Every structure is written in C-alpha cells, then in structure tokens.
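Hello,

Here is the structure we talked about handing over. Please load it first, then read my notes below.

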Amino acid sequence: MRAGAGRASYVLRRLLQAVPVIVAILVLNFLLLHLAPGDAAQVLAGEAGSASPEYMAQLRHRFGLDRPVAVQLLLYVKNMLTLDLGFSFRHNLPVVELIAGRLGPTLLLMLTTLVLSVTAGIGLGLLAAARAGSWRDTLISILALVSYATPLFWVGLMLIVVFSLKLDWLPTSGMETVAAFHEGWARVLDIARHLVLPALTLSLFYMALYVRLMRAAILEQAGMDYVTTARAKGLGESRIMLSHVLRNAVLPVVTMAGVQVGSLLGGSVVVESVFAWPGLGLLAFQSLFARDFNLLLGIFFMSACLVVAVNLAVDVVYTLLDPRIHA
Amino acid sequence: MKRFWHRFARSRPGLLGVAILAVVVAVAVAAPVIFPGSPFRPVDRPFAPPFGRHLFGTDVLGRDVAAGIAHGARTSLTIGVLATSAAVLMGTLMGGLAGYYGGRVDDLLMRATEFFQTIPTFLFAILLVAILAPSVWSIVFAIAVVNWPTVARLVRGEFLAMRGREFVQAGVCMGMTDRRVIFRHILPNCLSPIIVTGSLIVATAILIESALSFLGLGDPNVMSWGFMIGSGRTFLRSAWWLCTIPGVAILLTVLAINLVGEGLNDALNPRLHKK
C-alpha cells in the first residue's frame with residue numbers, strides 16, 4: 001500500500017519535471033519560427049504565395065502577429081498545447097493529422113530497431129567479453145568499431161544494392177506492396193519483409209554502441225567481490241556469467257537505450273528517406289524539399305514530446321524492475 | 001612530448017588511425033593542386049567507370065569523382081574541426097563555470113544539457129540548417145549547438161573533482177584570483193579528457209555533416225561526400241561507384257579519427273590503461 005502511494009507520487013513528480021522541458025521546446029520552436037526567412041505568417045501558411053490573403057490575415061490574427069512578442073509567444077504556446085499546429089498546403093491536411101498518420105510506421109521501425117540492437121548488442125558483447133583477448137573478441141570489436149564509423153544512409157544504400165538489386169531477396173522501398181492488396185497474415189508478412197532492411201540499417205550503429213558498453217560492463221563486473229564469492233561456493237563459470245554478471249551488466253545498456261530514443265528518431269529521418277518508409281522521418285525529409293517549415297517545426301515538437309513520454313515510461317518501468325530506485 | 005608519443009605508439013590501432021588520417025589530410029591539403037578548378041565542372045562524358053581515364057570515374061554530369069573526393073575531404077575536415085572547436089570552447093566555458101561556481105549556474109547548465117539529451121538532436125540540427133539556409137557556417141553552428149552539452153558535462157565533472165583537491169584549495173587560500181586558479185591550475189589538469197572527447201566529436205561532426213548534405217542541406221558551393229552520395233543514389237543500379245566510393249571515404253576518415261581518439265585516451269590516461 002505504502003509502496004503504491006510512493007510510486008504514484010514519484011510518477012507525479014516526474015510528470016511535473018516534464019513540464020519545463022515541453023515549455024522549453026515550445027519557446028525554442030517559437031524562436032525558430034521567427035528566425036525563418038519571411039514573415040511568421042508566411043512560414044505558418046507553409047508555402048509563400050499559395051495561401052489567400054484572407055487566410056493570411058486570419059493566421060496573423062489567430063497567432064496575434066500584430067501584437068507584442070510576449071502575447072505572440074503565449075498565443076503560440078496555447079495553440080500548440082491544444083494541438084493546433086497549423087495546416088500544410090502541400091499535403092492539404094492539418095499538420096496534426098499528417099503527423100498522427102505517420103506515427104505508426106515510425107514507432108514500428110523504432111521498436112524493432114530497439115529490440116534488435118539491444119539483443120544483438122548484449123549477445124555479441126557477452127560473446128566478446130567471455131573470451132576477452134581471443135580472436136572472437138577481436139573480430140566482434142572490429143565489427144563494432146566499423147559499424148560505429150559508418151554513415152547510416154550509406155549502410156542503407158549498400159544493403160539495397162546487395163539484398164534488393166543483386167540478390168533480389170527484399171523490396172527496396174516503402175512499407176508494403178500496396179498494389180497486391182494483401183490481407184491478414186499475408187499483409188503482416190509483407191510489411192515484415194519491407195521492415196528488414198530499414199531496421200537492420202538503423203540497428204547497426206546502436207548495436208555497435210551497446211556491444212562496446214556491454215563488453216566493458218561485463219569486464220568491470222567480473223572483477224567484483226560477488227563473483228569471487230560465487231566462484232568460491234562452486235558455481236560453474238557459465239552459471240556465474242549468465243545468472244550473476246549478466247544481470248548487473250545489462251543495466252547500463254538498458255539505461256543507454258532509454259537515453260537514445262531521441263537520437264533514434266533523428267536516425268530514422270535518414271533511414272526513412274533512404275527506404276521511403278512512410279514515417280515521421282520521411283515526412284520531415286519531404287517537408288524540407290517543400291520548404292514547409294511549419295510542418296517541420298510540428299514534427300520536431302511532436303517527436304520531442306514523444307521522447308519525453310518514452311523517457312517517462314522507461315523511468316516508471318525502472319521503479320517496477322529495480323526496487324532500489326526511489327529517488 | 002616524447003614520452004607521450006612513446007605511449008601513443010604502443011597502441012597499434014592508434015598508429016593505424018594516424019596513418020589513415022595523415023593520408024586524408026594530405027589529400028585535403030593537396031586537393032587544389034592535384035585537381036585544380038571547381039570539382040563541380042564536367043571533365044568527361046557522364047558515367048565513365050572507375051579505374052579508367054579517371055581514377056574513380058565520372059558522375060551523371062561528367063564530373064570527376066576523384067576530384068569530388070579530394071575536395072570533399074577538405075569540406076569534411078574543415079567543418080569537423082571548426083564545429084568541434086566551437087563546441088569545445090562553448091562546452092568548456094559553460095562546464096567550467098558550472099563546475100567551479102556551482103549553485104544556480106550549475107542547476108541551469110544541468111537543465112540545459114538534459115534538455116539537449118532529450119530533444120532529437122539531429123532533427124534540431126536539420127531545423128537549424130534549413131531555417132538559417134544551408135552554408136558552411138550554418139552547418140558548423142548547428143553541429144556545435146548539438147555537441148557542446150557533451151563537453152560541458154565532462155568539464156563540469158572534472159572541475160567539480162578538481163575544486164576539492166589540495167593544490168586548488170591552496171591556491172584559493174593564497175589569495176589567487178578565480179581566473180588564475182581556473183586557467184593556470186584547473187584547466188591544464190583537465191586537458192586530456194577534453195582532448196579525447198574533442199577528437200571523438202570531430203568524428204561525430206563529420207558523420208552529421210555527411211548526413212545533412214546527403215539530405216540536401218549541404219553548402220551548395222562546396223563539394224561534400226554526403227552530397228555526392230545523395231546525388232548518386234538514383235543511379236545505384238547502373239553506377240555503383242557514385243555512392244560506394246564517397247561512403248568508403250567517410251567510413252575510413254571517421255574510423256581513423258575514432259582510432260586516434262582511443263589511442264589518445266590510452267596514452268593520456270595511463271591509469272585506465274592497466275586493465
């Protein structure tokens with residue numbers, strides 16, 4: 001009962017801590033809106049010249065662009081918080097609807113990448129650390145070093161060359177074969193086939209990071225007293241590794257993976273535009289070409305909110321996993 | 001210096017990194033001599049395959065890919081070094097102030113760095129460059145803005161640790177000014193971790209620059225590797241070298257810088273080295 005109340009107040013406190021972050025993002029967005037070339041109303045309208053004068057006047061009024069900056073800022077914050085992010089003329093849809101439509105594919109890609117990179121990172125890190133200094137360790141470390149230095153978009157293009165153009169195993173782009181009208185499991189399978197290359201591309205870089213982190217964490221834990229104790233009471237090496245060391249070594253990797261959500265969203269801009277994966281990243285890329293800054297600002301705001309929400313969820317899960325955390 | 005080099009030379013990956021990096025720097029410096037004129041100028045028929053008349057072939061407009069690689073090396077290294085210098089200066093200043101004085105300044109700084117850890121930084125860099133109009137300076141600015149918090153956190157930690165050490169306390173008791181304590185006594189002792197982190201930021205900066213120019217946000221007046229890959233991706237099937245060669249150039253350069261960074265880390269932190 002008491003633990004439950006403690007957790008509730010912890011969640012509440014974390015929620016309150018997220019408020020200044022959201023406000024800071026809004027202020028940043030507002031500043032960028034005014035930094036953009038042209039009048040803010042033109043930026044809000046999406047494309048200069050395509051909006052009618054009446055609409056521009058209405059925009060100016062709604063965002064108070066004829067009033068002092070402080071009022072403008074307040075109105076902007078109010079509009080954004082009520083999810084009134086404006087209208088995209090290029091797509092002929094409100095920005096919120098556009099973003100909501102693209103959220104699913106991006107979340108699918110991110111989640112797959114997260115699972116793939118964390119499991120592969122932990123597995124390979126374990127393999128490398130179990131025989132530190134062996135050829136296997138060297139091989140894995142070199143692999144990690146190279147993956148860490150390769151630009152994401154280039155990995156994507158090279159995978160397309162090998163697996164789509166030369167071997168013809170996997171599709172080059174998109175999320176599903178729309179013309180095939182797959183339904184049920186056939187559709188799931190089709191989407192999964194399209195997901196392989198983008199998820200692999202995005203995973204490689206993070207996997208490299210987790211491999212190195214995992215390897216270092218295991219080597220550090222292996223020198224701890226509790227390992228000596230376990231060995232003294234006669235446990236086998238693999239048992240010590242799997243049920244004692246692994247548990248402690250995984251923590252920094254999970255923490256890092258939580259911190260990386262924002263960076264993952266950034267990486268998805270590049271990967272989605274290589275594979276034409278219809279998520280937020282591709283939308284950002286398209287809005288760059290259309291010079292639709294308002295849409296771009298909306299994507300930035302929504303993805304920052306997404307990161308805040310995910311971090312919050314991770315923290316709450318943490319309190320469930322590790323009873324020591326009660327900060 | 002000699003002892004430092006001796007320690008550095010013990011790490012073979014570090015030496016490999018220095019060797020690769022030396023080649024890249026040499027090519028970058030010599031680019032206007034080996035390939036005079038603009039790298040955007042057509043020199044031959046389009047799509048000439050590599051290893052013929054032109055070492056790396058030509059692209060869709062008949063531009064020499066090798067010339068692009070050489071001039072791109074200049075761009076990547078310049079932007080990497082400029083952005084890193086800006087980030088390190090800014091980060092050291094902010095982190096140093098926060099770590100030395102603590103209190104309100106420190107709180108504010110920690111909030112700011114947490115903020116930068118939360119927002120999708122690459123997306124932020126894209127926004128900055130798109131809004132400020134793509135140019136070498138806006139790219140340098142954007143990369144510096146997203147990288148300074150890393151340095152600030154590091155320097156803050158170092159300063160905080162140094163603040164309590166006897167030699168610093170002694171300096172304060174002797175009545176030294178804050179400026180003298182900071183610049184003559186604390187900062188020189190924090191230089192090695194700053195140098196190591198800085199070298200790794202150069203690698204990150206080059207990766208960010210290549211991704212930005214791949215997305216079409218490069219400076220339109222200078223050749224860059226990301227731009228070459230971005231404009232060659234349409235011909236992936238017919239002209240493989242257009243994307244492959246600049247990609248290898250980025251990979252080798254970034255790898256070399258990371259290796260040098262690790263070598264520096266081992267040489268500058270001998271305590272960590274004994275494992």
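B:Leu93 counts as exposed, because its relative accessibility is 52% and the cut-off for exposed is over 50%. The residue sits in helix α3 of chain B. Keep in mind that this is a predicted model.

B:Leu93 belongs to a nonpolar surface patch, along with B:Leu97, B:Tyr101 and B:Val105. The patch covers about 370 Å². Helix α3 of chain B (residues 65-101) gives the largest share of the patch, with 3 residues.

Next, the interface. Chain A puts 44 residues into the contact, and chain B puts in 35. The area buried between the two chains is about 3600 Å². Carbon and sulfur atoms give 82% of that area.

What about polar pairing across the interface? There are 4 residue pairs in polar contact between chain B and chain A, both residues at pLDDT 80 or more. Between the two chains the salt bridge count is 1. That bridge joins A:Arg212 to B:Glu262, with the closest N and O atoms 2.2 Å apart.

Which elements of chain B touch chain A? Helices α4 (103-118), α5 (121-132), α8 (178-214) and α10 (241-268) of chain B each supply at least two residues to that side. Helix α10 of chain B gives the most, with 11 residues.

Now the salt bridges. Side chains of opposite charge can pair when their charged atoms come close. The search of the whole structure finds 3 salt bridges over all chains.

One is within chain A. The side chains of A:Arg215 and A:Asp137 meet at 2.8 Å, N to O. A:Arg215 lies in helix α8 (residues 184-221) of chain A and A:Asp137 in helix α6 (residues 135-149) of chain A, so the pair ties together parts that are 78 residues apart in sequence. Buried or exposed? A:Asp137 is buried, because its relative accessible area is 4% and buried means under 20%. A:Arg215 counts as partly exposed, at 24% relative accessibility.

B:Arg156 pairs with B:Asp106, the closest N and O atoms being 2.5 Å apart. B:Arg156 lies in helix α6 (residues 136-163) of chain B and B:Asp106 in helix α4 of chain B, so this pair ties together parts that are 50 residues apart in sequence. Both B:Arg156 and B:Asp106 are buried.

A:Ser287 is placed in helix α12 (residues 280-289) of chain A. The residue is buried, because its relative accessible area is 1%. Which residues does A:Ser287 contact, leaving aside its neighbours within four places in sequence? They are A:Asp292, A:Leu295, A:Leu296 and A:Ile299.

Look at the salt bridge from A:Arg212 to B:Glu262. Then look at the buried pair B:Arg156 and B:Asp106.

Best wishes

Definitions and conventions
Residues numbered from 1 in each chain as written. Chains lettered and ligands numbered in written order. Predicted model: local features only at pLDDT ≥ 70, side-chain atom pairs only at ≥ 80, totals over all residues. Heavy atoms only, no water. Helix = DSSP H or I, 4+ residues; strand = E, 2+ residues; numbered from the N terminus. Buried < 20%, exposed > 50% of the residue type's maximum accessible area, 1.4 Å probe, protein only. Contact = heavy atoms within 4.5 Å. Patch = residues over 30% accessible without salt bridge, like charges linked within 9 Å, V, L, I, M, F, W, Y side chains within 5 Å. Areas by Shrake-Rupley, 256 points an atom, 1.4 Å probe, with all protein chains shown as cover. Salt bridge = Lys/Arg side-chain N within 4 Å of Asp/Glu carboxyl O. Buried area = accessible area lost by both parts, 1.4 Å probe. Polar contact = N/O pair within 3.5 Å; in protein donor to acceptor, adjacent residues only side chain to side chain.
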